[in-house]
Amino acid sequence: MDRQRLDKWLWHARVVKARTSAAALVAQGHVRINGVREQSPGHGVKAGDVLTIGLDRSVRVLKVIGFSDRRGDAQAARVLYDDLQIRKQ
């Protein structure tokens, strides 16, 4: 798999609790892909894309490094991305 829907990837990576929440987050304009605001939950993300996600009280910056066919536990989700904010601190 070389691409995955944005809402599905956010859900699999456990950024949000439900896929509908992921779709709403994207549709409301709270997600940027490589610095460009994306409002289509069906937009495809690929490995190497940098996502900037505005959540309730924080902003997460994640680099996509993998995909999953289904949602797993937190440990399985952690291998799908590289958290770029950790490196800066």
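Buried residues account for 39% of the 89 residues in the chain. The model is a predicted one, and the values given here are computed from it. The accessible surface of the chain amounts to about 5400 Å², and carbon and sulfur atoms contribute 47% of that area. Along the principal axes, the C-alpha atoms occupy a box of roughly 30 × 30 × 25 Å.

Four helices and seven strands are assigned in the chain. Read from the N terminus, their order is β-α-α-β-β-β-β-β-α-β-α. Of the contacts between residues at least 6 apart in sequence, 42% link residues that are at least 24 apart. Among the side chains, 17 are positive and 9 are negative, with a distance of 3 Å between the centres of the two sets.

Helix α2 spans residues 19–27, and its residues Ala 22, Ala 23, Leu 25 and Val 26 are buried. Viewed down the axis of α2, the buried residues lie within an arc of 160°, and therefore they line one face of the helix. The packing partners of these buried residues are helix α1 (6–12) together with the strands β2 (31–33), β3 (36–38) and β5 (50–54). Ser 21 also belongs to helix α2, but Ser 21 is partly exposed because its relative accessibility is 36%, which falls between the 20% limit for buried and the 50% limit for exposed residues. The C-alpha atom of Ser 21 is 15 Å from that of Glu 38, at a sequence separation of 17 residues. Just after α2, Gly 29 adopts a positive phi of about 85°.

Positive phi values also occur at residues other than glycine. Most residues other than glycine have a negative phi. Arg 14, which is not a glycine, has a positive phi of about 60°. Arg 14 is located in the loop that joins α1 and α2, and its relative accessible area of 38% makes Arg 14 partly exposed. Asn 34 is likewise not a glycine and has a positive phi of about 50°. The position of Asn 34 is in the loop between β2 and β3, where Asn 34 is partly exposed at 44% relative accessibility. With neighbours within four places in sequence left aside, the contacts of Asn 34 are Gly 48, Asp 49 and Val 50. Asn 34 and Leu 51 are separated by 17 residues in sequence, and their C-alpha atoms are 6.3 Å apart.

Strand β5, against which the buried residues of α2 pack, contains Thr 52. Thr 52 is partly exposed, with a relative accessibility of 26%. Beyond its neighbours within four places in sequence, Thr 52 is in contact with His 30, Val 31 and Arg 32, and also with Val 59, Arg 60 and Val 61. Between Thr 52 and Glu 38, which are 14 residues apart in sequence, the C-alpha to C-alpha distance is 10 Å.

Strand β7 covers residues 81–83 and includes Asp 83. The relative accessible area of Asp 83 is 13%, under the 20% limit, and Asp 83 is therefore counted as buried. When neighbours within four places in sequence are left aside, Asp 83 is in contact with Arg 60, Val 61, Leu 62 and Arg 78. The C-alpha atoms of Asp 83 and Arg 14 are 13 Å apart, at a separation of 69 residues along the chain.

Methods:
Residues are numbered from 1 along each chain as its sequence is written. This is a predicted model: local features need pLDDT of at least 70, side-chain atom pairs count only at pLDDT 80 or more; totals for chains, interfaces and linings use all residues. Side-chain values use heavy atoms; hydrogens and water are left out. Helices (H or I, at least four residues) and strands (E, at least two) are DSSP runs, numbered from the N terminus. Buried means under 20% relative accessible area, exposed over 50%, partly exposed in between (1.4 Å probe, protein chains only). Contact means heavy atoms within 4.5 Å. Accessible areas come from the Shrake-Rupley method with a 1.4 Å probe; for residues, only the protein chains shown count as cover. Lys and Arg count as positive and Asp and Glu as negative; His and the chain ends are not counted. The place of a charge is taken as NZ of Lys, CZ of Arg, CG of Asp or CD of Glu. The arc is that of the directions from the helix axis to the C-beta atoms.
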